[in-house]
Amino acid sequence: METLLSQLKPGQAGIVKKIRGGGHIQKRIIDMGVVPGTKIVVEKFAPLSDPMEIKIKGYNLSLRKAEAEFIEVEMVHKS
């Protein structure tokens, strides 16, 4: 099932399928290591739900929900 990264809850995981949009926002997301085929685990949200912290490629990364809206993922079981 494909969904947006911003819709996942803490503890849920997904495989990046597509980076939407274009231009500088897409380049910025890709430069942070968020590329198709990469597994992402949502760790937690800040107290007001923005930003969100994800684990990707062995490191933690904070993304604003507006940035996470550009990332399509396929949900998987966390392992």
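**How the descriptions are reached**

Modeller: Let us begin with Ser 62, which has its place in strand β5, residues 59-63. Please bear in mind that this is a predicted model.

Colleague: Why is Ser 62 called partly exposed?

Modeller: The relative accessible area of Ser 62 is 47%. Buried means under 20% and exposed means over 50%, with partly exposed in between. The value of 47% lies in between, and therefore Ser 62 is called partly exposed.

Colleague: What does Ser 62 touch, leaving out residues up to four places away in sequence?

Modeller: Ser 62 touches Pro 51, Met 52 and Glu 53. As for His 77, 15 residues apart from Ser 62 along the chain, the two C-alpha atoms are separated by 21 Å.

Colleague: Why is Lys 57 called exposed?

Modeller: Lys 57 has 53% relative accessibility, and exposed means over 50%; therefore Lys 57 counts as exposed. Lys 57 lies in the loop between β4 and β5, and its phi, near 55 degrees, is a positive value in a residue other than glycine.

Colleague: How far is the C-alpha atom of Lys 57 from that of Met 32?

Modeller: The two C-alpha atoms are separated by 10 Å, while the residues are 25 apart along the chain. Met 32 lies in the loop between α1 (23-31) and β3 (39-45).

Colleague: Is Met 32 buried or exposed, and how do you know?

Modeller: Met 32 has 15% relative accessibility, and buried means under 20%, so Met 32 counts as buried. Beyond residues up to four places away in sequence, Met 32 touches Tyr 59, Leu 61 and Leu 63.

Colleague: Ser 6 is found in a loop, between β1 (2-4) and β2 (13-19). Why is Ser 6 called buried?

Modeller: The relative accessibility of Ser 6 is 8%. Because the limit for buried is under 20%, Ser 6 counts as buried. Apart from neighbours within four places in sequence, Ser 6 is in contact with Met 52, Lys 65, Ala 68 and Glu 69.

Colleague: What makes the pairing of the Ser 6 and Glu 69 side chains a polar contact?

Modeller: The contact that joins these side chains is 2.7 Å. A polar contact requires N or O atoms within 3.5 Å, one able to donate a hydrogen and the other to accept it. The value of 2.7 Å is within that cut-off.

Colleague: Where is Glu 72 found, and which side chain does it join in a polar contact?

Modeller: Glu 72 is found in strand β6, residues 71-76. A polar contact of 2.9 Å joins its side chain to that of Arg 20. The relative accessible area of Glu 72 is 17%, which is under 20%, so Glu 72 is buried. Among the residues that Glu 72 touches are Thr 3, Leu 4, Ile 15 and Val 16.

Colleague: Turning to the whole chain, which pattern does it follow along the sequence?

Modeller: The protein chain follows β-β-α-β-β-β-α-β, that is, two helices and six strands. Of its 79 residues, 37% are buried.

Colleague: How do you know that the radius of gyration agrees with a compact globule?

Modeller: A compact globule with 79 residues would have a radius of gyration near 12 Å; the protein chain has 11 Å, and therefore the two agree. The C-alpha trace spans about 30 × 25 × 25 Å along its principal axes.

Colleague: What share of the contacts joins residues 24 or more positions apart?

Modeller: Of the contacts with a separation of 6 or more, 62% are between such residues.

Colleague: How far apart are the mean positions of the positive and negative charges?

Modeller: The mean positions of the 13 positive and 9 negative charges are 3 Å apart. The accessible surface of the protein chain comes to about 4600 Å², and 54% of that belongs to carbon and sulfur atoms.

Key:
Residues numbered from 1 in each chain as written. Predicted model: local features only at pLDDT ≥ 70, side-chain atom pairs only at ≥ 80, totals over all residues. Heavy atoms only, no water. Helix = DSSP H or I, 4+ residues; strand = E, 2+ residues; numbered from the N terminus. Rg over C-alpha atoms; globule rule 2.2 N^0.38 Å. Buried < 20%, exposed > 50% of the residue type's maximum accessible area, 1.4 Å probe, protein only. Contact = heavy atoms within 4.5 Å. Areas by Shrake-Rupley, 256 points an atom, 1.4 Å probe, with all protein chains shown as cover. Lys, Arg positive; Asp, Glu negative; His and termini not counted. Charge placed at Lys NZ, Arg CZ, Asp CG, Glu CD.
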